[in-house]
6 protein chains.
Amino acid sequence: MFLPRKILEEKLRNMLTEDIGEGDITTALIVPSRATGEAEVRFKEPGVAAGIEESIVLLESLGLKAQALFRDGEEVEANQVIMKISGDARTILSVERTLLNLLSRMSGIATVTRQIVKKVLNAKLKTRVACTRKTAPGLLYFDKKAVLLGGGDTHRLHLDDMILIKGNHITMAGNLQDAIRSAKEKGSFSKKIEVEVASAAAAVKAAEAGADIIMFDNFSPKKVEASVGVLEKAGFLGKVLVEASGGIAAENVLAYASKKVDIVSLGEITESPKALDINLKIARQKSSPV
Amino acid sequence: MFLPRKILEEKLRNMLTEDIGEGDITTALIVPSRATGEAEVRFKEPGVAAGIEESIVLLESLGLKAQALFRDGEEVEANQVIMKISGDARTILSVERTLLNLLSRMSGIATVTRQIVKKVLNAKLKTRVACTRKTAPGLLYFDKKAVLLGGGDTHRLHLDDMILIKGNHITMAGNLQDAIRSAKEKGSFSKKIEVEVASAAAAVKAAEAGADIIMFDNFSPKKVEASVGVLEKAGFLGKVLVEASGGIAAENVLAYASKKVDIVSLGEITESPKALDINLKIARQKSSPV
Amino acid sequence: MFLPRKILEEKLRNMLTEDIGEGDITTALIVPSRATGEAEVRFKEPGVAAGIEESIVLLESLGLKAQALFRDGEEVEANQVIMKISGDARTILSVERTLLNLLSRMSGIATVTRQIVKKVLNAKLKTRVACTRKTAPGLLYFDKKAVLLGGGDTHRLHLDDMILIKGNHITMAGNLQDAIRSAKEKGSFSKKIEVEVASAAAAVKAAEAGADIIMFDNFSPKKVEASVGVLEKAGFLGKVLVEASGGIAAENVLAYASKKVDIVSLGEITESPKALDINLKIARQKSSPV
Amino acid sequence: MFLPRKILEEKLRNMLTEDIGEGDITTALIVPSRATGEAEVRFKEPGVAAGIEESIVLLESLGLKAQALFRDGEEVEANQVIMKISGDARTILSVERTLLNLLSRMSGIATVTRQIVKKVLNAKLKTRVACTRKTAPGLLYFDKKAVLLGGGDTHRLHLDDMILIKGNHITMAGNLQDAIRSAKEKGSFSKKIEVEVASAAAAVKAAEAGADIIMFDNFSPKKVEASVGVLEKAGFLGKVLVEASGGIAAENVLAYASKKVDIVSLGEITESPKALDINLKIARQKSSPV
Amino acid sequence: MFLPRKILEEKLRNMLTEDIGEGDITTALIVPSRATGEAEVRFKEPGVAAGIEESIVLLESLGLKAQALFRDGEEVEANQVIMKISGDARTILSVERTLLNLLSRMSGIATVTRQIVKKVLNAKLKTRVACTRKTAPGLLYFDKKAVLLGGGDTHRLHLDDMILIKGNHITMAGNLQDAIRSAKEKGSFSKKIEVEVASAAAAVKAAEAGADIIMFDNFSPKKVEASVGVLEKAGFLGKVLVEASGGIAAENVLAYASKKVDIVSLGEITESPKALDINLKIARQKSSPV
Amino acid sequence: MFLPRKILEEKLRNMLTEDIGEGDITTALIVPSRATGEAEVRFKEPGVAAGIEESIVLLESLGLKAQALFRDGEEVEANQVIMKISGDARTILSVERTLLNLLSRMSGIATVTRQIVKKVLNAKLKTRVACTRKTAPGLLYFDKKAVLLGGGDTHRLHLDDMILIKGNHITMAGNLQDAIRSAKEKGSFSKKIEVEVASAAAAVKAAEAGADIIMFDNFSPKKVEASVGVLEKAGFLGKVLVEASGGIAAENVLAYASKKVDIVSLGEITESPKALDINLKIARQKSSPV
């Protein structure tokens with residue numbers, strides 16, 4: 001997910017525009033128009049840095065100098081300074097909240113993702129930890145990128161980049177296998193086909209019809225284990241990927257990940273992330289700029 | 001925060017555009033182009049409905065029929081259906097995730113707000129429960145509206161609608177009282193002036209200089225109590241509003257709210273809300289439309 | 001109303017895009033592609049400079065050099081040069097009209113505002129001179145900022161930053177006092193409440209119900225005086241702000257301002273401002289750049 | 001200047017979005033959500049109606065019913081109702097100011113244009129009355145259309161629809177005749193070429209080089225008369241069009257128009273128009289809708 | 001590639017806005033404002049219809065009635081009418097060129113795609129005919145959809161929906177196999193990996209490293225045949241997909257398609273399509289509307 | 001058609017945004033984040049360079065260095081390098097396709113235009129070669145500019161810059177001459193009036209009514225010759241311009257151009273241009289930057 005700086009800048013500027021309305025009336029009244037300041041952005045609790053690149057792009061596009069002390073994806077201790085900013089004081093103060101809102105959310109997502117990924121790795125498992133499309137509307141790019149920085153898998157980005165046949169689709173389409181065969185025949189060769197199933201039998205049918213990935217939706221760990229066994233017996237293990245989804249959270253992730261599934265996906269990572277506590281303190285600029 | 005439907009529609013359509021990319025390739029392959037369906041949106045856990053109006057506007061703008069069974073702000077039990085949708089099946093399936101992402105976030109925010117507001121009311125307190133500007137970038141309108149529906153106070157909407165002098169401003173401006181006086185003299189009569197203070201002494205100075213609202217930032221409940229006492233002695237209680245902010249959460253809100261402050265503000269309501277579990281199930285349309 | 005440069009740039013570029021269509025066909029045909037020029041922007045009549053900051057941002061964003069000889073808010077004599085521009089000649093010629101249209105309007109607004117403000121100050125009055133929401137659609141930011149630079153008060157910026165209950169609202173809401181009480185109870189603590197009244201009696205009722213500001217709408221000066229007297233007797237003078245609005249212009253502003261009102265507001269400042277006469281003359285660039 | 005309704009709607013909605021911010025907090029607090037009203041829009045002073053079509057498009061796009069009692073371009077007496085509106089009361093109140101700002105400006109422009117056009121017609125002259133590019137930034141379409149409705153000529157719309165060589169262009173291009181010849185040879189056959197001149201001699205040169213239109217810029221009426229004579233002698237009258245521009249206003253328009261020029265152009269029509277006084281009064285809706 | 005109507009409408013309206021500028025001055029002058037017409041859109045040469053859905057959406061969004069006589073993807077003879085339109089005459093005339101430009105391009109792309117697809121099918125081959133990212137900037141959705149309607153494969157839609165490692169990437173990344181392994185390990189499980197190779201040896205290496213698809217870039221048909229043989233010997237045929245690309249056109253497509261490749265891709269389909277000759281004739285509306 | 005760089009930048013960035021989706025996942029996975037490269041853009045076949053200015057603006061706006069070896073409008077041999085680019089490798093690879101798509105289309109249009117223009121010039125004819133409004137939706141500016149660079153005439157840019165009365169307009173308007181007279185009287189003096197005719201007789205009527213340009217639509221060369229003769233006899237040759245349009249292509253352009261018409265217009269130039277074959281090769285950056 002590499003975005004040229006100019007494209008990123010536009011997305012970020014829109015965030016600032018939303019917050020600032022017709023202008024920051026407080027700084028206009030209180031802060032002299034040529035005052036310069038230097039500010040530090042500090043993690044108040046430990047976590048994984050995410051949004052550093054976005055912050056630098058936003059700040060520099062506003063004419064500020066910004067120096068990152070950590071890179072995206074690095075782990076930061078409580079009370080460490082992650083970024084120094086210097087330049088026009090009114091601009092720093094006007095962008096403060098937008099900057100922190102983005103950094104806090106992205107770092108929060110990266111942090112929880114990293115915790116779950118580590119849990120899986122520590123259990124010597126190779127299962128991938130993926131997010132879902134349960135992102136905050138408008139923040140798709142940022143939520144998905146934060147997951148990547150935490151070590152997770154972005155899963156599908158849009159409705160246009162993988163064929164994912166869910167229960168609701170089958171309800172409308174009718175027969176599961178016909179639906180898969182039709183997708184396989186008429187869908188682009190460049191896309192994978194994933195199918196959500198409700199039983200081991202359906203999983204085998206989906207694999208037979210040519211699905212690349214099988215999603216066990218809202219299965220108990222036990223049911224996952226049994227279903228994987230059925231797929232194995234049918235000769236599909238290793239040939240299709242298996243994803244467990246629904247009802248998985250940090251607490252029970254190992255119960256699922258240990259059942260030979262290739263992917264576990266968790267909506268909560270991006271749907272209900274706990275924002276990291278990050279703040280910004282400004283000081284009058286000393287002689288030497290950053 | 002009344003928005004004419006057409007304005008709201010534009011905001012909502014942008015959310016869908018983000019998710020859909022160049023088009024939903026799954027429904028295009030699997031679901032017949034003239035198939036119609038009827039769907040139910042259901043709360044999987046109890047909570048306060050928020051985003052109903054937005055959902056109806058979004059769905060109707062796409063040519064679907066939508067019927068709300070609850071109004072925004074009403075409390076919903078687990079497993080209750082809150083909305084019925086009927087019409088073009090591809091459209092319903094394409095908008096499903098965007099719809100649920102918005103509803104889940106807004107209802108999650110309204111639910112936690114309501115819980116805190118009730119806690120305060122049950123303690124026979126009149127303290128207002130406010131959110132802050134810690135909203136998800138791009139979702140300001142929706143986050144604030146959900147707070148309103150939960151019974152909370154939106155606080156400032158933008159940087160242009162109240163003069164709020166925080167610590168960082170004072171650092172750059174110099175003297176606290178001069179800053180307030182300057183804001184009072186040069187700022188518009190239509191705006192209130194709020195000042196963040198770090199001590200009771202500063203609170204009195206701010207009140208003397210003409211602040212309309214005093215914010216105790218990151219005070220312990222004890223320090224809040226003492227500071228309110230100092231303000232009372234100085235004759236400012238009832239003349240200025242007092243807000244406690246920083247470090248306040250559902251757990252300790254009463255410790256603050258019970259200290260004669262007019263407002264408690266909590267960043268977590270909009271910064272780290274737990275999305276409500278809501279789902280959508282589609283069925284082939286029967287003869288009678290919604 | 002401080003806007004970071006990048007945000008301002010976007011607003012300004014849209015103005016240029018409107019005027020330029022698919023491109024300036026005259027300069028493309030007549031002016032050599034590498035020619036550079038230097039231009040002077042000159043006030044043809046005396047007035048208050050406004051739009052200087054916007055001009056510099058616009059010109060620099062187009063790669064031109066621009067040097068302001070006056071600051072926004074300063075008074076300029078007839079025939080004084082306020083700005084020097086140098087760089088690509090085609091660009092200077094293409095932006096000329098957009099630049100002058102903005103400068104002329106903003107300076108025109110600032111000039112008339114200053115005249116009225118001075119009139120009030122010369123009469124030793126402290127009454128604020130405010131504009132209204134009668135701005136040119138799309139130019140809210142620029143019209144309001146010009147008022148500020150002229151020494152006026154911006155009044156409300158949007159429909160979201162003050163609760164202003166006008167006659168039409170009361171017609172729909174029913175009882176005046178109930179409306180105010182409801183606004184006071186349910187509206188955000190961060191907003192002031194202003195109420196438009198048609199009589200002294202209504203003014204008292206509004207004040208009793210908790211209005212922060214009372215607007216006398218379309219009162220004669222005599223009626224203003226009498227009504228202020230009634231408010232004074234009722235003990236509200238100094239406790240609520242009083243605004244006179246409607247039918248006030250440069251000619252009769254003192255008749256209103258002298259009646260102990262805190263604010264006089266005039267629609268004409270931004271609704272029908274006389275644009276200042278400003279021009280731009282270009283010359284071939286000499287050796288030394290600006 | 002025919003714009004399909006949908007295109008116009010977009011332009012108009014942006015105006016409303018600017019004014020409304022995050023929503024109308026007053027109507028949301030005061031006006032019941034299902035209340036309906038009926039409103040009348042009334043001219044408080046006589047003038048030419050302009051902006052009726054735009055108003056209807058805006059109002060209907062918001063779901064309101066709107067009935068025009070006058071057509072664009074018709075003359076309206078003081079106190080006549082020009083439009084009736086009915087529907088959702090909150091929506092009517094939220095759009096009121098945007099609607100009136102547009103109507104007042106457009107009708108103001110149409111009114112002053114009509115006055116000048118009538119003056120010329122009453123003097124039995126066929127001279128066209130044109131506006132210039134001195135429009136309010138962002139309002140080009142609306143300002144130009146209002147001129148048309150008043151009976152005026154829109155002149156150039158953008159920098160891309162006529163080749164207009166002004167003094168500043170000649171300064172950069174060098175020789176007047178070479179510039180015209182180059183434009184004639186390389187410019188599109190679909191565009192006219194107009195040349196601003198400072199003397200009768202230059203006018204003859206421009207005509208000889210192939211200009212379609214000659215603009216006398218800032219000439220006194222006397223100088224216009226003499227220059228037209230020179231052009232006549234040189235055999236160009238009736239072959240090129242002649243425009244007088246600069247320093248022309250309602251007061252002196254006949255002095256120019258009577259000098260055999262084809263067009264007089266006036267910046268003031270769109271640069272400093274006096275907005276017409278128009279208001280809107282709402283009432284609770286009676287049984288029968290509009 | 002299913003897009004809800006509202007999303008499509010926005011894309012289409014932008015096309016009209018580009019063409020119409022400040023408005024259609026011809027229809028405004030010549031066509032009475034309430035005139036209605038009925039028009040027929042006719043293929044002047046045989047071809048595959050594409051853009052019918054888009055046309056209907058565009059026309060209906062402008063308030064016109066439109067009736068399609070063919071469906072997207074159907075083959076149309078010369079001189080057949082494909083669509084009837086009725087309604088406001090000015091609107092029909094203003095949208096005519098935009099409508100035809102879109103229909104002509106899409107139908108031209110669909111027609112050439114269908115010809116090539118048929119050639120392959122007639123030769124009893126199962127090779128897919130795909131387009132590339134060589135689309136007209138801004139028309140990605142429409143160009144890809146036209147390919148689909150012609151029976152072709154859309155290939156990758158964006159840079160975000162398949163990992164496609166081309167020669168230029170390898171130049172920067174270094175080792176081919178390391179690059180693929182890194183993509184396989186760190187890229188999302190939801191994406192396929194395609195690798196462009198310049199030799200049979202590289203193809204085998206790519207397959208060994210885990211590529212899902214191998215692209216033979218600018219190979220002669222002979223070299224394709226030999227390389228497929230090498231892949232077969234190495235046991236990868238049927239396990240990876242093979243795409244031939246570069247230098248393939250309608251003339252030589254069978255020479256490639258007959259070499260056991262799974263996909264042939266042709267840039268020319270969308271890069272240099274011959275627009276189909278389609279016209280629109282209007283008549284005054286008779287009594288009975290469409 | 002001179003556009004200031006900043007305006008052009010915005011148009012170009014939108015093209016890149018379309019192609020890149022949520023980001024380039026291939027370069028993100030394969031190319032190190034700080035790698036720099038240098039690339040050459042090369043013509044694979046001879047042609048006229050067009051889009052060089054646009055390319056430089058796009059590349060520089062992304063922070064890349066770009067050096068043009070040819071100017072727009074120059075003729076390039078096969079295998080000549082036209083541009084060198086250096087800088088961030090990920091950015092170069094992400095923009096490659098967008099850049100080439102634009103360059104290939106613009107150069108293709110300029111090349112075919114030049115060929116036709118030369119054919120006419122070599123025949124010692126002064127007839128102008130014009131394009132039409134048959135441009136790719138969204139690419140009007142770029143298509144028209146490429147025609148200009150090839151030596152052609154842009155014709156009308158929008159529906160707002162010339163009054164062009166076509167057959168469909170006459171159908172709705174009624175009488176040809178009345179339509180022209182009405183346009184002449186009520187249309188702006190700044191616009192030319194062109195009329196499409198189907199016979200010599202209609203041409204004379206149009207000229208008599210005051211048309212500036214007569215378009216012979218879909219005439220055979222013989223009919224063009226005869227009609228020009230009729231116009232000549234009627235004394236209009238040299239007084240009105242004559243355009244032949246419809247059914248004209250590179251093959252038969254001289255048959256038309258030799259019939260004393262002033263302009264021949266060809267839809268195919270912009271409607272079905274053959275894109276020029278242009279590629280980009282990257283190498284790791286050596287020590288000395290471009």
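In this predicted model, chains B and F share no contact. Their closest C-alpha atoms are 8 Å apart.

Chains A and B were compared by superposition. Chain B can be laid on chain A by a turn of 180 degrees, with a shift of 0.0 Å along the axis and an RMSD of 0.0 Å. The two copies are thus related as by a two-fold rotation axis.

Chain B contains an open sheet of 4 strands. The strand order is β3-β5-β1-β12, and the pairing is antiparallel. Strands β3 (65-68) and β12 (278-284) of chain B form the edges, each pairing on one side only. On average, neighbouring strands of this sheet are turned by 15 degrees against each other, direction ignored. Strands of a sheet pair through backbone hydrogen bonds. Within the chain B sheet, strand β1 (residues 36-43) and strand β5 (residues 81-88) run antiparallel and are joined by 7 bridges. One residue of this strand pair is T36(B), whose bridge partner in β5(B) is D88(B). Helix α4 (residues 89-122) of chain B packs on the sheet. The helix touches β1, β5 and β12 of chain B. Its direction makes about 160 degrees with that of β12(B).

Aromatic contacts were examined next. Over all chains, the structure holds 12 aromatic pairs. One of them is formed by Y141(C) and F142(C), with ring centres 5.1 Å apart. Their planes stand at 90 degrees, so the pair is edge-to-face. Y141(C) counts as buried, at 2% relative accessibility. F142(C) is buried too, with a relative accessible area of 3%. Both values fall under the 20% limit for burial. The rings of F216(C) and F219(C) are arranged otherwise: their centres are 4.8 Å apart and their planes lie at 10 degrees, so this pair is stacked. F216(C) and F219(C) are both buried.

Terms used
Residues are numbered from 1 along each chain as its sequence is written. Chains are lettered from A and ligands numbered from 1 in the order in which they are written. This is a predicted model: local features need pLDDT of at least 70, side-chain atom pairs count only at pLDDT 80 or more; totals for chains, interfaces and linings use all residues. Side-chain values use heavy atoms; hydrogens and water are left out. Contact means heavy atoms within 4.5 Å. Copies are superposed by least squares on the C-alpha atoms of residues with pLDDT of at least 70 in both. Two strands pair if DSSP finds at least two bridges between them. Helices (H or I, at least four residues) and strands (E, at least two) are DSSP runs, numbered from the N terminus. Axes are lines fitted to C-alpha atoms, for helices over the stretch in contact, and angles run from 0 to 180 degrees between N-to-C directions. Rings of Phe, Tyr and Trp (its six-membered ring) pair if their centres lie within 6.5 Å; planes under 30 degrees apart count as stacked, over 60 as edge-to-face and the rest as tilted. Buried means under 20% relative accessible area, exposed over 50%, partly exposed in between (1.4 Å probe, protein chains only).
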